[in-house]
Structures are given as C-alpha cells and as structure tokens.
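Please keep the structure in view while reading.

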Amino acid sequence: METYLDHAASTPVRQEVIQAMLPWLSDHPGNPSGSHRLAREARRAIDDARDHVASLVGAEPGNVIFTSGGTESDNLAIDGVLGAKGGQALCSATEHPAVLEPVRESGGIVAPTDDTGRVDLESLANILDSFNDISLVSIMTANNETGVINNIDRIADLVLEKTPETMIHTDAVQATSWLDITGFSKKVHLVSLTGHKFGGPKGAGALILKDGVNLSPVIRGGGQERERRSGTQNVPAIVGLGEAARLIQVERLDINEKVTKLRDKLENGLIEKISGTSRTLSQKTPRTPGIAHLCFKNIENEALLFLLENEGVYASAASSCASGAQEASHVLQAMGVDLKTAGGSIRFSLGQTTTEEEIEYALTVVPNSVEQLREFKK
Amino acid sequence: MTRVMVAMSGGVDSSVAAALARENGDDVVGVTLKLWGGESDSGCCSVSDVDDARRVADALGIEHHVFNLGEDFDEYVVAPYVKAHSAGLTPNPCIECNRHIKFDRLLNRAKALGFEKIVTGHHARIVKQKNETLRIARAEDEAKDQSYVLYMLDQKQISSLRLPIGEMTKDQVREKANSLGLRVATKPDSQDVCFITREKGRADFLRQRIPLTSGRVVDENGSEVGQVEAIELVTIGQRRGMLLAGGKEPRYVNNIDVESATVTVGTPDQLLVKQTEFRDLLWSAEKTGGEFLVQTSAHGKPKLAKVEEGLLVWKDAHSRVASGQSLVFYKENQVIGGAIAI
C-alpha cells in the first residue's frame with residue numbers, strides 16, 4: 001500500500017483542478033497580454049482565478065500578483081519592500097528559507113522565538129523599540145515543519161503600535177489550506193501563498209497586497225501584473241490555483257474536521273504503540289490540523305524514513321537541501337530542541353485526500369520500522 | 001538475491017561497481033553520502049557529484065538515496081585533521097573517513113536497514129586465506145591500488161564488503177562505463193582531500209580555522225638557514241616551500257617543533273631512521289610475526305620491517321615517517337595490519 005503523508009511538502013492535484021486546467025494546456029494558445037479574442041480569453045481565465053485568490057485572502061483582485069510560487073512571493077515581498085522603502089527587514093528565526101535568506105542577505109534582523117517556534121512578542125517589542133529603520137516585519141502564519149500558528153493579529157497590533165510606518169508581511173503558504181485568514185489579512189500589508197499546498201499545481205502562487213503598498217519589482221520586463229511581476233503568466237497553472245482557491249474556501253471546514261481526527265488518531269496511536277515517542281508541540285499549542293510532528297527517541301530519522309519508504313509510507317524530516325540530504329532543522333534549533341532529539345523527529349503531514357486506511361497502515365508500519373532500528377542497536 | 005547497498009560517490013569507479021552489482025542480479029540500492037557542506041571542487045555540498053550518482057542510478061534502474069553524515073564527518077574527519085595540523089602532524093583524512101564514516105556509520109546503517117553487504121568502488125581486492133580469514137589485497141591495477149586506505153578493516157567489516165572494482169584496471173572500468181553509456185565514463189579521477197579545493201588549497205583551508213605561525217628553518221647545527229610561512233603546513237621529508245639560503249645539496253625537513261616554531265633540515269642521510277614508533281596497532285586477522293613489507297604513504301614504496309618490543313624496526317634504514325601517517329603492513333600483496341606513526 002502507498003501512503004502519502006507528505007502533504008505539507010506538496011499535495012496531490014485535485015481532479016477538479018486538473019479538469020479546469022486541461023483546456024488551457026490544449027485549446028487556448030492566447031497570451032493574456034495580447035489584444036485579440038484568444039488573448040482576451042486567456043486574460044479572462046487568469047482574472048477569474050485572481051478573483052478566487054483575492055476572495056481566499058479577503059483582498060481586492062487588483063492587489064493579487066501571480067508568481068511562480070511561495071518562494072518567489074516571499075522574495076518579492078522582502079526585496080520589493082526594501083527596494084521601494086529602504087530600511088531593514090525583520091523576521092523570525094523559524095521562517096522558511098524563502099524569507100530568512102533575503103532578510104539575512106539584506107543585513108536584516110532575525111528575532112528569536114519561544115520554545116514552540118512562535119515569534120517571541122517581548123523580544124519583538126524590544127527590537128522594534130531599539131531600531132528606527134525597520135521597514136518590514138515578516139512573520140509566517142503557520143510553520144512548514146511543525147504547523148505552529150503565530151498570532152498575526154497581535155503581532156500586527158504590536159507593530160502598528162510601536163512603529164506605525166512598518167509594513168507587515170506574512171508567509172501564509174502553510175496556512176491557507178487550514179485557516180480563514182481574511183480576518184487578520186486586513187491588518188497586514190503583504191501575504192504570500194502557493195497553490196500546490198491545497199490541491200493546486202506546482203508553479204503558481206501569489207503575493208497579495210494591501211491597497212497603497214508600493215513594491216519595487218524583482219522580475220522586470222513587459223510589465224505584467226500591473227508592473228509588479230513581469231513575464232507571461234503561466235495560464236494553466238494560474239487557472240489551477242484559482243480553482244483550488246475556490247474549492248478550499250467551500251470545503252475547508254469539512255477537511256479540517258476530517259484531517260484533525262486522522263491526525264489525532266495517528267499521533268495518539270504512535271505515542272501509544274512506540275515507547276519514547278513525543279509530540280514536538282503540545283496539544284495546547286495552536287497548530288494546523290495537517291501536521292503530526294513526532295520525535296522518536298534513539299532513532300535517526302534518515303534511517304527511519306528509508307524503512308518507511310520501503311513499506312510505501314512517504315513522510316519527511318525537517319527540510320531537504322539541494323543534494324536531497326536531510327538537513328538539521330533550523331526550526332527545531334530555534335525552539336531550543338537539542339540536535340539529538342531533532343535528529344529523531346519526523347513530520348507526517350496529512351491532507352484532503354488522506355484516508356482512514358492510510359492512517360491504519362502507517363500505524364502498523366511505523367512501529368515495526370522503529371522496532372527494527374532499535375533492535376539493531378541492541 | 002543478496003540485498004546490497006552501493007556507496008556511490010558520483011565517480012566512475014563506484015558507478016561501475018553499482019552496475020556490476022546490478023548485473024550480478026543483486027537487489028541493489030545506491031547511497032551517496034553528503035559529508036562536507038563547505039566548498040569543494042564540485043561546487044557547494046558536492047551537489048553535482050550527488051547529481052551524477054543519482055543519474056547513474058536512474059540509468060541503472062536502481063533506487064538512490066542521500067544520507068547526510070556531515071556532522072560525523074566534521075567530528076571524526078575534519079576537526080581531527082585541523083587539530084593534527086596545528087600540532088605539526090601529517091594526518092590522513094581518507095583513512096579516518098573510512099574508519100569512522102564509511103565502514104562504521106554507513107556500514108552500521110546498512111545493516112540496520114536490512115542490507116547484507118555494502119559495495120564500494122575502491123581499487124582493492126578481498127581474498128580468503130586457507131584458514132577462512134579474509135584479507136584486503138592490492139588491486140589488479142597497481143597504480144590505482146587503494147588497499148592502503150582500507151587497512152583498518154577487521155574480519156567482520158571485510159565479510160560485509162564487496163570490492164568488484166579491485167579486479168579491474170582503470171581502463172577496463174572506464175570501458176565498462178562507456179559500454180553502458182554511463183555519463184561519468186570520462187569523469188576525471190578525484191584528487192587529494194575532498195574537503196579542500198584545488199583552487200584555494202590546504203593553506204587557505206587551515207588559515208580559516210587555526211592561526212598559522214611562521215617559523216625558522218635551522219640546520220643540524222642550529223644555524224638559521226631559512227624561514228617557513230606556516231609551521232603547521234610543513235611535513236617531514238618536505239624539500240620545497242622553504243626559503244632556504246644557498247646550500248650545495250638538497251635538504252629535507254627531518255624535524256618539526258611546533259612549540260618553538262622551528263623546522264630542522266638536513267641531508268637525505270640525516271633523514272634516515274632505524275625504527276619508527278607507532279600507536280593504534282591492529283591486525284586484519286591474527287597477529288603476524290617476522291618480517292613484512294610496510295608502506296608509509298598512499299603511494300609509497302613498501303620496505304621490509306618487523307615489530308619488535310612495540311617498535312617498528314626497519315631492515316634497512318628508512319626515511320623518517322611523518323607523525324600521523326599510517327603504517328600499513330603487507331605480506332604477499334595482502335594487508336595484514338597497520339598502525340599510525342608517532
């Protein structure tokens with residue numbers, strides 16, 4: 001049996017999405033920037049998608065910039081704001097590298113987190129008090145490794161109170177599938193998302209702006225996306241992103257309920273069956289329903305993932321580098337988890353297509369594999 | 001069908017080793033180790049070598065995995081290498097990597113994951129004695145022989161190992177790769193230490209990690225005859241790289257004193273010793289008495305010696321062996337043991 005428990009890395013593309021995309025791969029050659037009828041059809045298709053994405057975030061369609069995905073959106077948010085406003089950027093230590101790298105490279109500030117991996121509000125307040133040139137604060141909505149949820153509402157209030165000129169960006173890539181972000185998104189200036197985390201295709205994401213936000217473009221050329229992101233739009237992928245955005249708004253509550261139950265069943269089952277197993281985040285910590293982040297004592301996650309794969313269970317640990325090797329998790333390090341414990345942690349991530357049978361199967365395979373490794377050590 | 005893990009570096013030897021295991025009908029999985037995260041000749045994190053290994057595995061139709069043993073590599077190979085240099089010693093990091101990483105961490109992981117054997121692309125052979133014990137033997141291709149860097153393997157390790165490349169010459173390996181259309185068929189052999197780039201070199205690598213101290217060069221009478229830029233980079237037997245004034249005949253380093261930052265040079269005769277002290281003596285199988293051949297560097301010419309009262313006693317006077325180098329013992333072209341010179 002094949003059990004895909006790596007939805008936080010990428011989700012299967014939904015059938016409805018594939019159907020919506022197909023005509024744009026076969027029948028419609030138009031370039032959305034052109035002026036004839038076929039071009040206008042393509043333009044209309046991406047603008048319909050724009051409406052769905054805008055509605056997902058609670059923004060104006062004209063403020064949706066289509067990008068190639070989460071990393072480009074995050075890069076554009078940071079480099080675009082710094083380019084237009086100057087000053088320096090601040091982010092938290094548990095951000096995705098797509099935020100951390102541009103912030104570090106621009107000489108920005110990386111704020112510490114508490115032991116759940118959420119930005120520490122007191123430290124954030126102190127930093128905002130000590131610098132007068134912070135033009136952008138970037139804090140992710142939900143973390144990609146653990147699923148922990150930052151309180152963006154409070155963070156936005158704090159930033160507004162301390163330094164009202166500072167813009168706020170949130171990487172909502174891991175959040176859009178699970179959380180209704182239309183509430184707090186009114187308070188933030190930039191939101192990143194990507195379609196392949198909720199049933200869309202890889203290669204289409206968006207950066208959504210608040211009215212009046214000026215961005216210096218990173219990719220320059222023909223002036224598409226209102227001069228903010230040049231390059232011919234990836235029409236089929238954007239249509240797919242739009243359809244996925246439409247579906248998730250309709251089905252989110254049902255999916256959440258189903259996935260939460262399955263996630264709890266997996267976590268509780270593994271903790272019960274395997275001695276020395278613990279949740280990386282306590283059950284009280286606000287977290288997305290899709291991730292079971294567990295630590296297995298005296299286990300090397302790389303070895304465990306190998307055995308799981310042999311049995312058809314696909315999960316992951318921390319993040320992979322360009323070579324495909326597992327890297328030590330900067331998220332767990334920021335949380336103060338020691339290296340040895342971090343080295344025994346696995347992220348099982350569930351999604352809309354996850355079934356009861358898959359969880360049952362994982363509940364047999366994972367304990368057996370852990371036992372095989374522990375037996376060998378004896 | 002034997003379940004084997006092939007350690008694939010992305011080079012031609014281990015690629016052909018994987019191909020041979022596949023032809024042999026074994027259940028083969030390829031693994032590339034990610035050991036060094038810094039600069040290397042093949043780019044950061046050796047990504048292009050990993051890509052080569054992955055594409056060869058794809059071409060052979062075998063699964064390929066990458067294991068990150070970078071922390072262990074830092075701890076057991078890189079840090080001791082740096083520390084040895086700062087003490088004026090001459091370490092051999094490839095040997096430490098085999099000892100601690102490939103034939104300890106990787107072999108153990110392979111066993112834990114249910115593999116019966118690991119296969120590597122080393123140019124060396126495995127031979128069985130009449131009494132059933134196993135030994136590492138010199139490769140078919142003498143010029144490429146790597147038995148020296150495998151001397152630390154014990155019976156248990158050798159019995160879990162296959163070295164198919166040891167039976168082939170390098171030309172045969174390349175021909176085989178070529179006939180299979182493997183993309184690495186003409187890839188150049190790797191050189192030297194994998195974590196040091198050819199472009200920047202050892203001095204630059206060490207300078208970033210330890211303070212390098214300039215030193216005096218004196219002759220056997222203690223008269224200053226030159227200077228060295230970094231005492232930590234000098235090796236016993238070295239001839240070049242010292243600013244030596246005048247002199248009639250070539251002079252070689254025969255002593256390094258890190259504390260006083262003094263290098264002593266002398267004639268080849270003055271470099272000769274009758275015996276060499278060692279540590280960490282080990283035997284491949286049983287302890288062997290009498291005379292045997294001893295090789296003191298990766299491609300050095302072996303000379304006769306025997307172990308007597310904890311010392312290696314040379315039959316004929318031998319050039320001083322740099323502290324930190326491995327002494328590998330051979331009998332009839334087979335490794336019987338080894339130790340590290342002090």
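In which sense do strand 14 of chain B and strand 17 of chain B pair, and over how many bridges? The pairing of strand 14 with strand 17 (residues 326–331) of chain B is antiparallel and runs over 3 bridges. Here two strands count as paired if DSSP finds at least two bridges between them; strands (E, at least two residues) and helices (H or I, at least four) are DSSP runs, numbered from the N terminus. Within this pairing, Gln295(B) has Val328(B) of strand 17 as its bridge partner. Strand 14 (residues 292–295) of chain B also pairs with strand 15 (residues 303–308) of chain B, in the antiparallel sense and over 3 bridges. There, Phe292(B) is placed opposite Ala305(B) of strand 15.

The model is predicted: local features need pLDDT of at least 70 and side-chain atom pairs count only at pLDDT 80 or more, while totals for chains, interfaces and linings use all residues. Residues are numbered from 1 along each chain as its sequence is written, with chains lettered from A and ligands numbered from 1 in the order in which they are written.

Chain A contains an open sheet of 7 strands, ordered 2-8-7-6-5-3-4, with mixed pairing. Because strand 2 (64–67) and strand 4 (109–111) of chain A stand at the edges with a single partner strand each, one side of each has no neighbour in the sheet. On average, neighbouring strands of this sheet are turned by 20 degrees against each other, direction ignored; axes are lines fitted to C-alpha atoms, for helices over the stretch in contact, and angles run from 0 to 180 degrees between N-to-C directions. Strand 3 (residues 88–92) of chain A pairs with strand 4 in the parallel sense over 3 bridges, and Leu90(A) stands opposite Ile109(A) of strand 4. Helix 3 (residues 70–85) of chain A packs on the sheet, touching strands that include strand 5 (134–138), with whose direction its own makes about 165 degrees.

By an automatic or database domain assignment, chain A is divided into domain 1 (3–10 + 252–377) and domain 2 (15–248). In the contact between them, 22 residues of domain 1 of chain A meet 22 residues of domain 2 of chain A, a contact requiring C-beta atoms, placed from the backbone, within 7 Å. Helix 8 (235–273), strand 10 (291–296) and helix 10 (330–334) of chain A each supply at least two residues of the domain 1 side.

How values were computed:
Two residues are in contact if their C-beta atoms, placed from the backbone, lie within 7 Å.
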